[in-house]
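Hi everyone, thanks for coming. Let me put the structure up, and then I'll walk you through a few bits of it.

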Amino acid sequence: MEIEEKINKIRWLPRTNHAQFLLSTNDKTIKLWRITERCRRVAYSTCTSSDYFLHNNATSSTNTTDNDDNLMLNDKNNSSVSLNKIYQKTDLRVPYYEDIDPVMDAHPKRIFANAHTYLINSLSVNSDQETFLSADDLRINLWNLEVTNQSFNIVDLKPVNMEDLSEVITAAQFHPSACSLFIYSSSKGTIRLCDMRQRALCDEHALSFEEVDDPMSRCFFSEIINNISDLNFSHSGRYILSRDYLTLKVWDLNMPRRPVETYLVHDYFRTKLCALYENDCIFDKFECQWSPNDE
């Protein structure tokens, strides 16, 4: 299978020194990047003195005789042997730093691979600054930022028989302050809150957030338009913002039965769902994000 060269998700890590770090992922591979700003570069100056210096050091000698061209060494048979040629200092290059216009330098520091069978759709950095999660359609894995060859599976929705598959994972995120809590959404429009303190494999969720559709209003497209494409915790950690095809919803952790606010973003599409289905636009994914002040 050929992996497409594209970036699906980018997540910045909190800054701890002069460098910036971020996580990026394509369909299969996660990379940790180190980004720095360079304002200086190494340059070289050439000495202009006409003095002489030795290109190499003679390590053993009994009697030495030098002239303008060669260093001579007398061996045990008193025969002269030329060891090192003398160079002028005009051949010596001395390194130094010179100021330049700022240039951004990025290189991958670590590569996390071979842990996902399906396409990665989410990345989230934990508040402990040591771990992060990655999610694909059926599994969520927990990684340590220092360990590239091992991850722990914390959610697994893959059934024994794939014909019994009824939903897939669409997004996942850690709580902004409680490092043991995370949420993930499904194609059925359900959001599940899990606590890693309860068990290592979070097959059973602590809370489930779902708005039940009116049976009279359900149609062929209901499951498609209820599919949650993105979700985010508020900065305070109390609210969850979710995005489906037509609406934005705000959920309160203390009230999982229904959203506290619903914003009709694309409600005018309801009369055009057939046309959107025919040209596949109904499968478009939209992201959502909180403002810095959670308003």
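So, cysteines to begin with: a disulfide here is a pair of cysteine sulfur atoms within 2.5 Å. This is a predicted model, where local features need pLDDT of at least 70 and side-chain atom pairs count only at pLDDT 80 or more, while totals for chains, interfaces and linings use all residues. Residues are numbered from 1 along each chain as its sequence is written, and side-chain values use heavy atoms, with hydrogens and water left out.

How many disulfides does the structure hold? It has 0. Take C274: its sulfur sits 8.5 Å from the closest cysteine sulfur, the one in C219, and that's too far for a bond.

Strands here are DSSP runs of E, at least two residues, numbered from the N terminus, and two of them pair if DSSP finds at least two bridges between them.

Look at β3, residues 30-46: 16 bridges join it to β8, and the two run antiparallel. Across that pairing, R40 stands opposite D99 in β8.

Last stop, β1, residues 9-12, which is where you find W12. W12 counts as exposed, because its relative accessibility is 52%.

Terms used:
Helix = DSSP H or I, 4+ residues; strand = E, 2+ residues; numbered from the N terminus. Buried < 20%, exposed > 50% of the residue type's maximum accessible area, 1.4 Å probe, protein only.
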